[in-house]
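Please keep the sequence and the structure in view while reading.

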Amino acid sequence: MDETVPALVTGQASTDAVTEQPVNVYIWDMDETLILLKSLLDGSYAGAFDGLKDREKSTEIGKRWENLILELCDEHFFYEEIENYNEPYLNALNEYDDGRDLTSYDFEADSFSSPYDDANKKKLAYRHRAIGEKYAKGLEKILDQHMVKVCNDQYSLTDKYTDGWLSSAHKLLEEALGKSASAPTAKSSSINCIVTSGSLIPSLAKCLLYRLDDVVSSDNVYSSWEVGKLQCFKWIKERFDGPNVRFCAIGDGHEECTAAQIMKWPFIKIEFRPEAHHRFPGLDMPTVQTYMDVIYESSSKDG
C-alpha cells in the first residue's frame with residue numbers, strides 16, 4: 001500500500017511509539033455497527049422491538065439521513081463528478097498529487113472526466129485532498145448555521161429513538177483513544193479505523209454527519225466496495241504492524257468476521273436486537289480488551 005503515513009497523532013504508529021508501549025488498532029465496521037441506517041430505512045430495527053418502536057418513524061429518520069448524506073456529498077465533496085471513480089482510501093492517489101496549492105484552484109474549470117488517465121487521476125487526487133482538508137475542519141466549517149442545526153437535531157432525534165446507540169458508540173471510540181476520563185489508557189496507545197462496504201465519499205460524509213470525525217481521521221477510513229474487507233484488513237496490518245501492535249475487528253457482518261479469522265484477529269459481532277450480546281449501548285472497553293487478551297495471550301503461548 002503506497003502512501004505517505006502520518007504520525008501517531010493522526011493515527012499512525014511510529015517506530016518509537018511501537019517499541020515503547022503497546023498499540024491497539026481497532027477496525028470498526030460503520031453501517032449497523034457504529035451507526036444505524038439500513039435497519040432504520042427497512043424497519044428491521046423497529047421490528048426487533050416487538051412493536052415498542054414506531055416503524056414509520058424509523059423509516060422517516062432513515063430517509064432524512066439519506067438526504068443529508070447525499071446533500072453533503074453533492075454540494076461539498078464533488079460526488080456528482082467522482083461517484084464512478086471510487087478509491088479504497090483517500091490517499092490512494094497520492095502519487096499523482098504534486099502538492100499544488102488548492103486555495104484558488106478552480107475545480108469547476110479543470111475538466112475532470114473520462115478517460116481515467118494520469119491527468120485525470122491528478123485532478124481526482126486534488127479533490128481527495130480537498131475533501132480531507134474539509135473533513136479535518138469539521139461540519140461546522142462546511143455548512144451554514146441552519147444546516148448545522150438541522151444535522152444536530154437529526155443526530156439527537158436518532159440517538160433518542162435508538163436509546164443512545166450513536167452517542168454510546170462514539171463514547172467507546174473516545175475511550176479507545178484514551179480521550180475519556182472514565183477509561184484512562186495511559187499504558188497504551190490506540191488507533192481507530194473504519195472499513196466499510198460503502199463507497200468512500202459517502203462514508204466520509206457519514207463520519208462527519210454522525211460525529212465520528214473527531215475519533216476517526218479521514219485517512220483511516222477504508223472502502224471495501226471493490227477490493228473486499230480482507231484486502232483492507234491486510235493494508236491496515238501492513239500500515240500499522242509492529243512488535244507490540246494488536247488488532248481487533250468489530251462489526252455486524254459475515255465478511256468482516258471471516259476476514260478477521262483469516263488475519264487471526266479477535267472479532268466482536270454487533271447486533272441491534274435488544275437481547276444481543278454486543279450492541280450499543282452495552283459494549284464497553286473492558287469487554288473489547290478481554291477479547292483481545294484471549295486471542296493475543298493464546299498466540300503468545302502458542303509462539
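Predicted model: local features only at pLDDT ≥ 70, side-chain atom pairs only at ≥ 80, totals over all residues.

**A lysine and the helices around it**

K229 is placed in helix α11.

**K229 in its surroundings**

- K229 counts as buried because its relative accessibility is 3%, and buried here means under 20%.
- The side chain of K229 makes a polar contact with the side chain of E256, at 3.1 Å.
- When neighbours within four places in sequence are left aside, the residues in contact with K229 are D29, V195, T196, S197, S224, E255, E256 and A259.

**Helices α11 and α12**

- Two packed helices are described by the angle between their axes and by the distance between those axes.
- For helix α11, which covers residues 229–240, and helix α12, which covers residues 254–263, the axes come within 9 Å and cross at roughly 45 degrees.
- That angle makes α11 oblique to α12, and α11 passes α12 in a right-handed crossing.
- On the α11 side the residues that meet α12 are K229, L230, F233, K234 and K237, while on the α12 side they are E255, E256, A259, A260, I262 and M263.
- Sorted by class, the residues of this contact of α11 with α12 are six nonpolar and five charged, with no polar ones.

**Helices α8 and α9**

- The axes of helix α8 (residues 145–161) and helix α9 (residues 165–176) come within 6 Å, and they cross at roughly 95 degrees.
- Helix α8 contributes Y155, T158 and D159 to the contact, and helix α9 contributes W165, L166, S167 and H170.
- By class, the contact of α8 with α9 consists of three nonpolar residues, three polar residues and one charged residue.

**Helix α10**

- Is helix α10, residues 200–209, mostly covered or mostly uncovered? Helix α10 is mostly covered, since 10 of its 10 residues are buried.
- The buried residues of α10 include the leucines L200, L204, L208 and L209, and among them are also I201, P202, S203, A205, K206 and C207.
- After α10 comes R211, a residue whose phi is positive, near 60 degrees.

Conventions. Residues numbered from 1 in each chain as written. Heavy atoms only, no water. Axes fitted to C-alpha atoms, helices over the stretch in contact; angles between N-to-C directions. Helix = DSSP H or I, 4+ residues; strand = E, 2+ residues; numbered from the N terminus. Contact = heavy atoms within 4.5 Å. Nonpolar A, V, L, I, M, F, W, Y, C, P; charged D, E, K, R; others polar. Parallel < 35°, antiparallel > 145°, perpendicular 65-115°, else oblique. Left-handed = near helix turned anticlockwise from the far one by under 90°. Buried < 20%, exposed > 50% of the residue type's maximum accessible area, 1.4 Å probe, protein only. Polar contact = N/O pair within 3.5 Å; in protein donor to acceptor, adjacent residues only side chain to side chain.
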